[in-house]
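Hello,

I am passing a structure on to you. Please have a look at it before reading further.

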Amino acid sequence: MSPEDFEFAAQFVKERSGLVLTRDKVYLLENRLMPVVREMRLKSVAELIAGIRSGAPALQTTVIDAMMAKDTGFFRDWKPFVHFRTVVLPNIRVSRGMKARFRVLSAGVSTGQEAYSVAMTIRDVSSSFPGWQVEVVGIDISANAIATAAKGIYSQFDVQRGLPIRTLLQYFTKQEDVWVLNDGVRNMVKFQPWNLLSDLFPLGRFDAIFCRNVLVYLDLKTKLEVLQKLARLLVDDGVLYLGLNETVTGVSSSFRAIDPNLGIYAAHRADRPASLSLGAKVDL
């Protein structure tokens, strides 16, 4: 790949997705684009990039989809889900009073495992929320990943990545060589193709946002923009979950640390007192 082609492709990918590709990532760009080259029966990555330059919308969408990392799993880094179950859910139940409704956003949801992990966590304690309206929204820039997520069908390899056997047998049914998520959990989650660089306000407000292992791919300016957008979506006592190696320190003042080692942050409102809803663990 010529330096000119790499610079063009890297800029194109950054503008469309926020993903930053430095010069040492030529191999990554080539590896992720080669399947597209083969599928479209092109001669080389250079020919593919020439097609991007021509402005073909379908091709541009395919390239961005190919560049997005899809490495995910159920209950990834499981401790944040323990916090969500033992701290956030009980305090939501107490703090909402008669407003029996809460919403959770899973951003950069890929093929859906995180959103479904959230839904299963809520389902496990559903007896504590009788009559509540509960919605989990999963968004991702990749329309193909979203389509896969909505099916709720996973391979043996997929379910072996972080899914406890008890949970697997409780919420999935084996059909030939795949595992199918039951309708009770699947219907809790609404998937939408959405770019974090776009306006997020139409998504509405959320009590909790999972945006884990997404910011690590962005530059500082884009991280700040995304964090400010997410802050506007959170209710005053909302909680943000980032990846274990991600932080808002030195990036955004819109959040305050709850447990930075686990990537857990609360919304910070300068004109309001610190929320008490993320305090001690409470038994459901």
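This is a predicted model: local features need pLDDT of at least 70, side-chain atom pairs count only at pLDDT 80 or more; totals for chains, interfaces and linings use all residues.

Residues are numbered from 1 along each chain as its sequence is written, and side-chain values use heavy atoms, leaving out hydrogens and water.

Seven strands make an open sheet of mixed pairing, in the order β6-β2-β1-β7-β8-β10-β9. Strands are DSSP runs of E, at least two residues, and helices are runs of H or I, at least four, both numbered from the N terminus; two strands pair if DSSP finds at least two bridges between them. At the edges, β6 and β9 (255–259) each pair on one side only. Strand β2 (residues 133–140) pairs with β6 in the parallel sense over five bridges, and Ile139 stands opposite Gln192 in β6.

Now to the rings. The whole structure holds 13 aromatic pairs, meaning Phe, Tyr or Trp rings (six-membered ring for Trp) with centres within 6.5 Å; planes under 30 degrees apart count as stacked, over 60 as edge-to-face and the rest as tilted. Tyr116 and Phe191 are an edge-to-face pair, 5.4 Å centre to centre with 75° between the planes. Tyr116 lies in helix α6 (residues 113–124) and Phe191 in strand β6 (residues 189–193), 75 residues apart. Both Tyr116 and Phe191 are buried (under 20% relative accessible area, 1.4 Å probe, protein chains only). Together with Phe74, Tyr154 and Phe172, Tyr116 and Phe191 form one aromatic cluster.

Best wishes

Technical notes:
Buried means under 20% relative accessible area, exposed over 50%, partly exposed in between (1.4 Å probe, protein chains only).
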